[in-house]
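I opened my notebook to look around a structure that was new to me. Here is what I looked up, entry by entry.

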Amino acid sequence: MKRRINKVAVIGSGIMGSGIACHFANIGVEVLLLDIVPRELNEQEKKKGLSLEDKQVRNRIVNQSLQDALKSKPSPIYHKDFAQRIKTGNLEGDISKVSEADWIIEVVVERLDIKKQVFDNLEKHRTKGTLITSNTSGIPIQHMNEGRSEDFKKHFCGTHFFNPPRYLRLFEIIPGPDTSVEVLEFLNEYGEKFLGKTSVVAKDTPAFIGNRIGIFSIMSLFHMVKEMDLTVEEVDKLTGPVIGRPKSATFRTVDVVGLDTLVHVANGLYEGVPNDERHDLFKLPDFIQTMMDNKWLGSKTGQGFYKKEKKEDGFSEIKTLDLKTMEYRSAKKASFGTLEQTKSIEKVEDRFKVLIDGKDKAGEFYRKNLSALFAYVSNRIPEITDELYKIDDAMKAGFGWDHGPFQIWDAVGVEKGIEMMKAEGYEPAAWVNEMVEKGTQSFYTVKEGNSYYYDIPQKKHLKVPGQDAFIILDNIRESKEVFKNTGVVVEDLGDGILNVEFRSKMNSIGGDVLDGLNKALDIAERDYQGLVVANNGKNFSVGANIGMIFMMAVEQEYDELNMAIKYFQDTMMRMRYSSIPTVAGPHAMTLGGGCELSLHADKVVAAAETYIGLVEFGVGVIPGGGGSKEMTLRASETFEKDDLELNRLRENFLTIAMAKVSTSAYEAFDTNILQKGKDIVVVNPDRQLAIAKKHALLMAENGYTMPIQKRNIKVLGKQALGTFLVGTDQMVAGKYISEHDRKIANKLAYVMAGGDLSEASYVSEQYLLDLEREAFLSLTGERKTLERLEAMIKTGKPLRN
């Protein structure tokens, strides 16, 4: 019988329990969240005259924990309304309700005795055949399995979510001695398909895969600090974006996660892996022990490796811990010649060969650090897993690395890596030497668009499982290229569907990208059935190329700028009015022009983690690529449904004027950027492109006909314009916005009102586009707009003036 998950019970409402509950609510599952009953009243409850028997007292712990989670930033929930899918209760009065759950997840404190007590209680009420799993981060599954019924053992395993569950994609599945194959296969697929995770089946070893390698990597750095006389700033400079790691790098990440959390896992590994060849590495260095003694645990205690202090002038300063003196000091800039050499190398994997050849401290650091990492991961097979790709998957999904250890080793060169390791006093595992001796020169290879990994028992490359549901552009870019320029690559996805992949810096949209879009539309209309615009970059698009706009405005080349903006508008209109269906696949930052492109596609297949909005106000202009027109049109489409025409228009006006950016794709439905009934959301970004392709193909096969341009858009004229102008005057009077903000808002009001028409009228899209372009151009001539554009180019942040 096909297993379905309609209701989940989460036992334990702490940070992880509430986070897991929220993520199941995110995907539409009904959740029962339970926790213990308080043993005494708090002061507030005493003042209200409540007793320990009152429901609000009995559910105080679970309710407070959930509310704390929902208030946290970043939010664990895609949309505030989704929290209604979570029902709370306590482990005494509501435990019987777990009988209704399809999956029970235990997330209580990491103590085996307490977990066993919880399982004793759950087994009295659990329905046979129900999945039951533990979110343990390190307690052996086999120990939790002891004393349980056969049905319990068959359906029991570890399911380790990483914190925060919404954002970190690693989902480790750890089978117990008796876990059925059906359960493992189901959880593996469910994690990937429904929860949007990278599912990794791990062996039941201490800290499993992600934390075993991740904590080794961090502890290795801790010990290198003293050996190489490194500062906190230097380590974070060397271990951040330059090597494809998060901006928070090492020490900032530890501050956010909490030093105590890291130390807990490290101590567990020190005790749990006595035969590990790097066992002593898990022993805490003196400076870490001092920090633990002083309760310098990071953000949760107000100080860790970094500390924010108020200065006498009222401004704050981020100070850094000096690891020699153990005192906080002003930050010191870290710079290395080797890193300077990589600035022109865009692809992270191409930087590693340069980094390990560096002649300065940075080069020495990378040789030592990567040698230790390569040796360690090679020796963990087959201890923690039999397949090397699982280690890479775990580090990418759990720790935010762009490339896993074996992928980095491939980038360095397998033989070069071995040579480097030996120079540093390390030896790779015997299977690596054997692989090279047999003539295999890489851990991975690509064949016919699919990734293959080196399988150690079979001594050959095998296809990485689970990728049939994905389209990986890195694997097909060269073999499936149809057209290419400096801004895009157009790939043939098969079945008559093309894809336009942005390849510009930060996927910004300039003339080359617009040329590529038009060329792709030409080719698709002539020889194909549909077009997708999607990419696998960190962000879909940060918007138009503002550097180009700034230069034209400074040089007062207004005719050229007018032509450039019209070209942008015309390209967006071609996305809407083409003889083939167009689908946009936004993800992550989708701002300004990237948002406008999405607005004009026939359909949007958005990743759940899409932060989309029209943000042009921040640089002193209005959306000029069709965004202002489109939001006016979308408001007018609702006019016939009710009498609140001005309110509908005001909502869309504020979406632009306040530069609203959704914190998830689901929030974008509230701002009318995405449209219910037309656009869809995909939780797993790896599946997004394949799903977008399916929708393009479906529209084509259903008989797609090019839409007719709209010429009956109702605009409200002076009625709307007058209301908006009064509103902006009041905002200035209240000192909520600047004079320049008012000027921008008034220009937008003029466009969205359809001009100063004496009465409500019907206009065409082109009429609104012309108004939009005229307003955009007039604002680029403003000094304060130029100042904002320049600030954005220099700092990446808008200037408020």
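Which residues in H24 meet which residues in H25? I found Phe568, Met572, Met573, Met575 and Arg576 on the H24 side, and Gly593, Glu596, Leu597, Leu599 and His600 on the H25 side. Contact here means heavy atoms within 4.5 Å. By class, I noted six nonpolar, two polar and two charged residues where H24 touches H25. For these classes, Ala, Val, Leu, Ile, Met, Phe, Trp, Tyr, Cys and Pro are nonpolar, Asp, Glu, Lys and Arg are charged, and the others, Gly among them, are polar. Axes are lines fitted to C-alpha atoms, for helices over the stretch in contact, and angles run from 0 to 180 degrees between N-to-C directions.

A note on the ground rules. The model is predicted, with local features needing pLDDT of at least 70 and side-chain atom pairs pLDDT 80 or more, while totals for chains, interfaces and linings use all residues. Residues are numbered from 1 along each chain as its sequence is written, and side-chain values use heavy atoms, leaving out hydrogens and water. Helices (H or I, at least four residues) and strands (E, at least two) are DSSP runs, numbered from the N terminus.

Next I turned to the sheets. Strands of a sheet pair through backbone hydrogen bonds, either parallel or antiparallel. Two strands count as paired if DSSP finds at least two bridges between them. I traced eight strands in an open sheet with mixed pairing, in the order E3-E2-E1-E4-E5-E6-E7-E8. At its edges I found strand E3 (86-90) and E8, each pairing on one side only. From one strand to the next, the twist averages 25 degrees.

I then followed E7 (residues 170-175). Five of its six residues are buried, that is, under 20% relative accessible area, where over 50% is exposed and in between is partly exposed (1.4 Å probe, protein chains only). Strand E6 (residues 156-161) pairs with E7 in the antiparallel sense over five bridges, and His160 stands opposite Glu172. E7 and E8 run parallel and are joined by four bridges. Between them, Glu172 has Val200 as its bridge partner, and Ile173 has Val201.

What does Ser199 touch, beyond residues up to four places away in sequence? I listed Phe171, Ile173, Leu187, Asn188, Gly191 and Glu192. Ser199 sits in strand E8 (residues 198-201) and counts as buried because its relative accessibility is 16%. I checked its side chain for polar contacts (N or O atoms within 3.5 Å; within protein, one able to donate a hydrogen and the other to accept it, and residues adjacent in sequence counting only if both atoms are side-chain atoms). A polar atom of that side chain lies 2.9 Å from the backbone oxygen of Asn188 and 3.3 Å from the backbone nitrogen of Glu192.

I also looked up a three-stranded open sheet, with antiparallel pairing in the order E9-E10-E11. Strands E9 (306-310) and E11 (327-330) each have a single partner strand, so one side of each lacks a neighbour in the sheet. E9 pairs with E10 (residues 316-322) over five bridges, and Glu309 has Glu317 as its bridge partner.

Last entry: how many disulfides does the whole structure have? I found zero, taking a disulfide as a pair of cysteine sulfur atoms within 2.5 Å. Cys22 is buried because its relative accessibility is 0%, and Cys595 is buried at 0%.
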